[in-house]
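Here is a friendly walk through one model, with the sequence and the 3D view to hand. Please keep both open while you read.

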Amino acid sequence: MQTDHRPGIRHRPPPRTLLVPAALGVLLFVLPLVGLLQRTPWSSLFDELGTSSARTALRLSLVCSICATVIALVLGVPLAWVLARVDFAGRRLVRALVLLPMVLPPVVGGVALLLAFGRRGFAGQWLDQWFGIRLPFTTAGAILAETFVAMPFLVITVEAALRGMDRRYEDAAATLGAGRLAVFRRVTLPLIWPSLIAGTALCWARALGEFGATITFAGNLEGKTQTMPLAVYIALQDQPETAIALSVVLLVVALTVLVTLRERWWPA
Amino acid sequence: MVARVSLHAELGVRRNGFTLDANLDATAEETVVLLGPNGAGKSTALAAIAGTVTLTAGRITLDGETFDDPATKTWVPPEQRAVGMLFQDTLLFPHLSATDNVAFGLRCRGVARADARRRAHQSLERVGLDAHGQQAKPSELSGGQAQRVALARALVTAPRVLLLDEPLSALDATTRRDLRRDLSRHLAAFAGPRIVVTHDPLEAMLLADRLVVLEDGVVRQVGTPAELRARPRTRYVADVVGMNLFRGRADRGRVALAGGGELIMAATDPSGEVVVVVPPRAVALHRRQPEGTPRNVWPGTIEHVDDEGDRVRVQVTGPVPLIAEVTAAAVAELRLHDRAPEWVSVKATEIDVFPA
């Protein structure tokens, strides 16, 4: 009776034709990490991070990525709400546009930003003439580039949470006398809180690591637009120790974000 | 005296291929039970009154104030309607404690935090939740406790109408019985119209002053439980409300019925105040006094014979008035007709007895 042994199929060793490529795949991720950690100057790590150019890059990165995340929250949460709750013509198109930066090569995003917000760009000219604001090659420009690339991560996470939540909680709140803003603040937001945190963390991590759009649109000016990833790239030429130290910082941040999201992204 | 109609709802809702077209009136003095099978439109009717669903046609007014009238483009948002609503799955906010759930509505109305919590405590005490439960999150409460919190949450804002959507369906039998008793007390004490949606006929019978039967989005029958039981107009009504229901007092296997007469149960418990359900199919009619097992036997007179085609409902008077359901063949065999004397028997094992 061979069919009686069917549950035992699970205990057979997996086929080698799958195991070998799987193991190679893991190596592909592990080897670069080993390379980085093995060359890390652990004893002088904090000295490397203490150099003025490294400190400037660290501070600038922190300021830019936090500003970008705040802007993404202020604009992205309402946007996610509209995408999730308002039925309007062209909603799918708007959602596709919002998510485009996730798949667009960042350097293309940078070129597009430059053409729109650059000194010759239609929006840039308007900003310059009316408000005297110039974005290219400024810290504000770096923030704009990071927001452009990172905000979709927040929008997509929050929108999914809004779609997934039981809207009858909002109905119950309304029958209890809560107006629409009160419902959003006191019921909707607390219910999607874990997703909001996850989306914010993802958005911030993406902003912190932004390279292509920033260097294309905002340039590489130390103290103004040279964020950590740019500093790593530049330092690798003649100060590899600094580059490695900054890379380790970015790696630790990435790991921290991953741990923060573990409940959501790798449950059990 | 003609009771003033307090809630008046002509409900026309069309969405996703479903059409609700039903009129529903309720005075401040009554509990109206909306009874119907799943998908009949009961919850949609409540949602329209609460304002979470908009009418496509019709009109909803409460004491002359129009809530929804598509013809004049009048619509009052749910937060301004002052309705209290209870849901089958409670919908307590999972991030708030029981007390804060109850205080929610008061806080939305601008009541200060301390005052709101104090009134929430009082309201929770009235529904019988202890201090420990008041601090618990909804996930830490039992189903019955959670529904009590939901009731307190709905009542504390002093709503003008109370809407209950399958309030007991998610509970186990014992909890349901306890809560049903408390619920009917709270419903009776409430100073406005009460509308209860249910698909449970026993619940409907016990809570209703008036029943509205909804099938496929249309009202099929309206009346008191007694009226519906005596003259069910549809198959569904006959099936779910066409049962014999008595209140009485049980003692050592015998139930003294409130309206006179006595029934013998198959078991010795429960005892005390009970509700007795006798399915019409469990009632047998005989031309002569039957012998053998049935212990509930008495002579009766046929009051009315209602031919429904493949089955016949017979109203019998006697010490215990009953409705019997027999086959058309039995009618012919027994030569049943109005005013005919008969013997009635009920098998003790087919009687359902619940503590009231």
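In which strand of chain B does Val346(B) lie? Val346(B) belongs to strand β20 of chain B, residues 341-346. Helices (H or I, at least four residues) and strands (E, at least two) are DSSP runs, numbered from the N terminus.

A word on the model itself: it is predicted, so local features need pLDDT of at least 70 and side-chain atom pairs count only at pLDDT 80 or more, while totals for chains, interfaces and linings use all residues. Residues are numbered from 1 along each chain as its sequence is written, and chains are lettered from A and ligands numbered from 1 in the order in which they are written.

Back to Val346(B): is this residue buried or exposed? Val346(B) counts as buried because 23 C-beta neighbours lie inside 10 Å. (Buried takes 20 or more other C-beta atoms within 10 Å, exposed 12 or fewer, partly exposed in between, with C-beta atoms placed from the backbone.) Pro280(B) is 66 residues away from Val346(B) in sequence, yet their C-alpha atoms are 9.4 Å apart.

Next, a pair of helices. The table lists them with the residues that make their contact (C-beta atoms, placed from the backbone, within 7 Å).

| Helix | Residues | Contact residues |
|---|---|---|
| α3(B) | 113-126 | Ser123(B), Leu124(B), Arg126(B) |
| α5(B) | 143-155 | Val149(B), Ala152(B), Leu155(B) |

The residues of this contact between α3(B) and α5(B) divide into four nonpolar, one polar and one charged. Here Ala, Val, Leu, Ile, Met, Phe, Trp, Tyr, Cys and Pro count as nonpolar, Asp, Glu, Lys and Arg as charged, and the others, Gly among them, as polar. The axes of α3(B) and α5(B) come within 9 Å and cross at roughly 130°. Axes are lines fitted to C-alpha atoms, for helices over the stretch in contact, and angles run from 0 to 180 degrees between N-to-C directions. The two helices α3(B) and α5(B) are therefore oblique to each other (under 35 degrees is roughly parallel, over 145 roughly antiparallel, 65 to 115 roughly perpendicular, and the rest oblique).

Chain B also has an open sheet of five strands, ordered β14-β13-β12-β15-β21, with antiparallel pairing. Its edge strands, each pairing on one side only, are β14 (262-264) and β21 (352-355) of chain B. Strands pair if DSSP finds at least two bridges between them. From one strand to the next, the twist averages 35°. Strand β15 (residues 272-278) of chain B runs antiparallel to β21(B), joined by four bridges, and Val277(B) stands opposite Asp352(B) in β21(B).

Technical notes. Two residues are in contact if their C-beta atoms, placed from the backbone, lie within 7 Å.
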